[in-house]
Amino acid sequence: MMPRWLSRGMERQDLAPGIESSYGARALRRPRPGWASRGYRLVVGMLALILLLAWPGATALAHGGGVAQLVEEAAGPYHMYAWTNPNPARVGTVHVTVALADPENQAPILNADVEVRFEPLDLEDSESGAETVTARATHTEAANKITYETDLEVAASGRWQVVILARSPEGRGQSAFDLEVRPRAFSNWLLVGGVGLAVVAAGWLFWPNKPRANQEHTNSQSNAHGGPTTVRVGLGPEDD
Amino acid sequence: MSPFLQSLLLSWNWRIEIILPLLAAGVLYVLGWRRLRATTRERMASRSGEWTNPRPPLAAGWKPASYVAGLVVVAVALMSPIDVLGGQLFYMHMIQHLLLVMIAPPLLLIATPFPMIMWGLPRRPRRNVAGLLTGDSAIRRAITQATKPGVVWLLYIAVYIGWHDPGMYNLALRSDFVHDLEHLTFFGTAMLFWWHVTGVGPRFHRTFNSTKRLLYLISAIPANMFTGIAIAFASEPIYEYYTTVPRFYGLSVLDDQVLAGVIMWIPGSMMFLLAGLIFLSRIVQAEVDKPVNPNPAWAADEAKLVRR
């Protein structure tokens, strides 16, 4: 039997005077050609694949932000700002964002060459053999094209010194800060949760459902035509 | 164009995890809309021999436009320079939130997305989804209980005010994960709130009449307005994060904060008022449309004669 909340909408859903609509039942009764469902599977599969392949990359290139490490720090002819992400920093990828401003008018300096260097200070595992890591921070890697950003691979936990060196026609400036890097920990639960949820949802959505033995007359009638009555969901008086 | 402006305009944050769901939602909607439109045309043609109404109400042509506009607003809010600059300018962040909470949900919902997306699904997933939402399923009962208008109203207000707590806001600005969570909860609760306001499907609850919708909307204004006023009139920076970012854009921290508060207070409340006015006009129109007694004098005098 159709629930009241569904039938209520259906009764008042008119296409034209005197003709009562049954959008949902009509749509479901139309048998869909096989290619449609195969096409859907292909599209869903490809979307899932792209998502799986592209998501980790997208996360690594997350835009700026993070914990402010340098704020309006005088560095030669610049005021230097720097942020690190994630918080706390962990062994693996550390994202560094740098911004340079003119001390006189706080205008951004956009034409500098920025280098970020991680130098080991006091590592927890002195045998790790971790060495200085250097990378160029550029606008290309930044979502905010006014800042300079880069990713660095930090190999060991412990205390590191992060040195930022900026050069431009205005001159050369350098500043540094200490950063405590913690051991690696898997933190991308959002990714795992998202992918897991997507897999469960896709499995459930495409799982063949068996017809119920005690199905009522109205339902079995429409199923015989190839679909349930349930697309009626949501069609209601406000839609006209 | 100055290099500064050029850099600003190029500051897009393309995120695959946002693009794909938006694309999927758009494709399903358009597919469903096309099917529904074609089916209603067929149906009309078979009933009356000719098609007299080329635009059936549910599959009206403006609906995909509204829906796509809603998706574009979400995309602009989450990936355009508005999002990128939100990390440096509080008022930009506020504009981003208003887009997610006040603009995108009504645009998406007036396009009746649920039936369209159902129509856009292939048969098996559609049947599975429908199986959950019909009859006396536990999921349907749970959704119905969890999304009662009162619960949704409280949730919406709690989320909206809760995220403006300095601790939460600073945390969101420092962590991408928390920031995404903030946007997700803003958008999710706003969709639920506007779902009750617009009254579109799926209908698990009794639909509000225009008066109740008007009251529902108006009751959400004070929370928005007072939070905006509190931010605008604060004498010190509320969100410490914004004191640590460069002031490239010629606005001091406090000026930026005042602007953000005013945006939340005035344009934010205006959206509720605008929607409220639409319902008010409906109420007035319903009164105007009431049938009038053609001869009131007869109703008074002749009726007495008839009774004799």
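A nonpolar core is a set of buried Ala, Val, Leu, Ile, Met, Phe, Trp, Tyr and Cys residues joined through side-chain atoms within 4.5 Å; buried means under 20% relative accessible area, exposed over 50%, and partly exposed in between (1.4 Å probe, protein chains only). The model is predicted: local features need pLDDT of at least 70, side-chain atom pairs count only at pLDDT 80 or more, and totals for chains, interfaces and linings use all residues. Residues are numbered from 1 along each chain as its sequence is written, chains are lettered from A in the order in which they are written, and side-chain values use heavy atoms, with hydrogens and water left out.

**Exercise 1. Aromatic pairs**

Classify the ring pairs A:Phe118 with A:Trp160 and B:Trp195 with B:Phe204.

Solution. 
1. A pair of aromatic rings is described by the distance of the centres and the angle of the planes. Rings of Phe, Tyr and Trp (its six-membered ring) pair if their centres lie within 6.5 Å; planes under 30 degrees apart count as stacked, over 60 as edge-to-face and the rest as tilted.
2. Over all chains there are 22 aromatic pairs. For A:Phe118 and A:Trp160 the centres are 6.3 Å apart and the planes stand at 55 degrees, so this pair is tilted.
3. A:Phe118 belongs to strand S6 (residues 113-123) and A:Trp160 to strand S9 (residues 158-168), both of chain A, so the pair ties together parts 42 residues apart in sequence. A:Phe118 is buried at 0% relative accessible area, and A:Trp160 is buried at 0%.
4. For B:Trp195 and B:Phe204 the centres are 6.2 Å apart and the planes stand at 80 degrees, so this pair is edge-to-face. B:Trp195 is buried at 10%, and B:Phe204 is buried at 10%.

**Exercise 2. Salt bridges**

Locate the partners of the salt bridges of A:Asp113 and B:Arg174, and state whether each partner is buried, partly exposed or exposed.

Solution. 
1. The structure holds nine salt bridges over all chains (a side-chain nitrogen of Lys or Arg within 4 Å of a carboxyl oxygen of Asp or Glu).
2. A:Asp113 pairs with A:Arg136, the closest N and O atoms being 2.9 Å apart. A:Asp113 lies in strand S6 and A:Arg136 in strand S7 (residues 133-137) of chain A, so parts 23 residues apart in sequence are tied together.
3. A:Asp113 is partly exposed at 27%, whereas A:Arg136 is exposed at 52%.
4. B:Arg174 and B:Glu240 meet at 2.7 Å, N to O. B:Arg174 lies in helix H10 (residues 166-174) and B:Glu240 in the loop between helix H13 (221-232) and helix H14 (253-288) of chain B, so this pair ties together parts 66 residues apart in sequence.
5. B:Arg174 is partly exposed at 23%, and B:Glu240 is partly exposed at 40%.
6. Salt bridges that share partners join A:Asp113, A:Arg136 and A:Arg167 into one network.

Terms used: Helix = DSSP H or I, 4+ residues; strand = E, 2+ residues; numbered from the N terminus.
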